[in-house]
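Visitor: Please show me how to read the packing features of a model, taking each idea in general before the particular case.

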Amino acid sequence: FRGVYVPAEVEPDLLCWIKAALLLLPSDAAASHLTALRLYGLELRALFPLHFSTNTTRHRRRRDLRLHRRRGLLNVLFRSGVPCLGPDRTYVDCATILGIVELVQAAEHLLNAAHTSYDEMKAYLERTHIDGVLRARRAFALVREHVESPMETLVRLALVFARLPEPEPNPDLRDAGGR
């Protein structure tokens with residue numbers, strides 16, 4: 001970014017880009033939307049623009065940064081040393097950008113990686129009334145626990161959308177002896 005420098009030998013990664021962006025943003029800015037989802041370990045879509053949320057009214061006009069202004073108090077957590085929004089809020093924020101299939105992938109990743117639980121996310125979706133929550137609720141109806149990869153989600157949803165029987169994700173298979 002203009003005015004932010006790193007040594008030439010540093011290979012910019014996600015954390016480097018986020019820390020650089022935070023130098024340009026309001027002091028209460030926290031990673032949100034797809035950027036926070038990347039901090040939680042799931043890469044959907046391009047790295048840029050980086051998304052951040054703030055309670056200030058400050059504007060930032062940059063093609064590679066999106067600053068979302070929020071009215072309510074932000075629940076900020078720290079992931080890898082940088083501020084970001086919680087997993088449940090990140091899921092709802094992503095609903096303003098992602099399609100249904102990608103939203104199911106995001107929720108199942110957050111559940112499988114134990115960033116949140118099924119019951120916590122469901123309760124958050126029921127009690128919140130923020131932008132994106134209606135789409136997030138629709139997608140959450142397709143979310144299943146014990147799904148271990150985004151590709152597994154794609155295969156399962158392809159079968160469901162083709163009106164074939166829905167497979168049970170990662171069941172325990174045992175023989176007559178219990179092995």
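This is a predicted model: local features need pLDDT of at least 70, side-chain atom pairs count only at pLDDT 80 or more; totals for chains, interfaces and linings use all residues.

Guide: Residues are numbered from 1 along each chain as its sequence is written, and side-chain values use heavy atoms, with hydrogens and water left out.

Visitor: At what angle do helices α5 and α6 pack?

Guide: Two packed helices are described by the angle between their axes and the distance between the axes. Axes are lines fitted to C-alpha atoms, for helices over the stretch in contact, and angles run from 0 to 180 degrees between N-to-C directions. Helices are DSSP runs of H or I with at least four residues, and strands are runs of E with at least two, numbered from the N terminus. Here α5 (residues 118-127) and α6 pack at about 145 degrees, with axes 10 Å apart.

Visitor: Which residues of α5 and α6 meet?

Guide: Contact means heavy atoms within 4.5 Å. From α5, Tyr118, Met121, Lys122, Leu125 and Glu126 meet Val133, Ala136, Arg137 and Phe140 of α6.

Visitor: How many aromatic pairs does the structure hold?

Guide: Rings of Phe, Tyr and Trp (its six-membered ring) pair if their centres lie within 6.5 Å; planes under 30 degrees apart count as stacked, over 60 as edge-to-face and the rest as tilted. The structure holds four such pairs. The ring centres of Tyr91 and Phe140 are 6.4 Å apart and their planes stand at 65 degrees, so this pair is edge-to-face. Because Tyr91 belongs to helix α3 (residues 87-94) and Phe140 to helix α6 (residues 133-140), the pair ties together parts 49 residues apart in sequence.

Visitor: Is Ser53 buried or exposed?

Guide: Buried means under 20% relative accessible area, exposed over 50%, and partly exposed in between (1.4 Å probe, protein chains only). Ser53, in strand β2 (residues 50-54), has a relative accessible area of 0% and is therefore buried. A polar contact is a pair of N or O atoms within 3.5 Å; within protein, one must be able to donate a hydrogen and the other to accept it, and residues adjacent in sequence count only if both atoms are side-chain atoms. The side chain of Ser53 makes such contacts with the side chains of Ser32 (3.0 Å) and Arg70 (3.2 Å).

Visitor: Is Ala141 buried or exposed?

Guide: Ala141 has a relative accessible area of 54%, so Ala141 is exposed.
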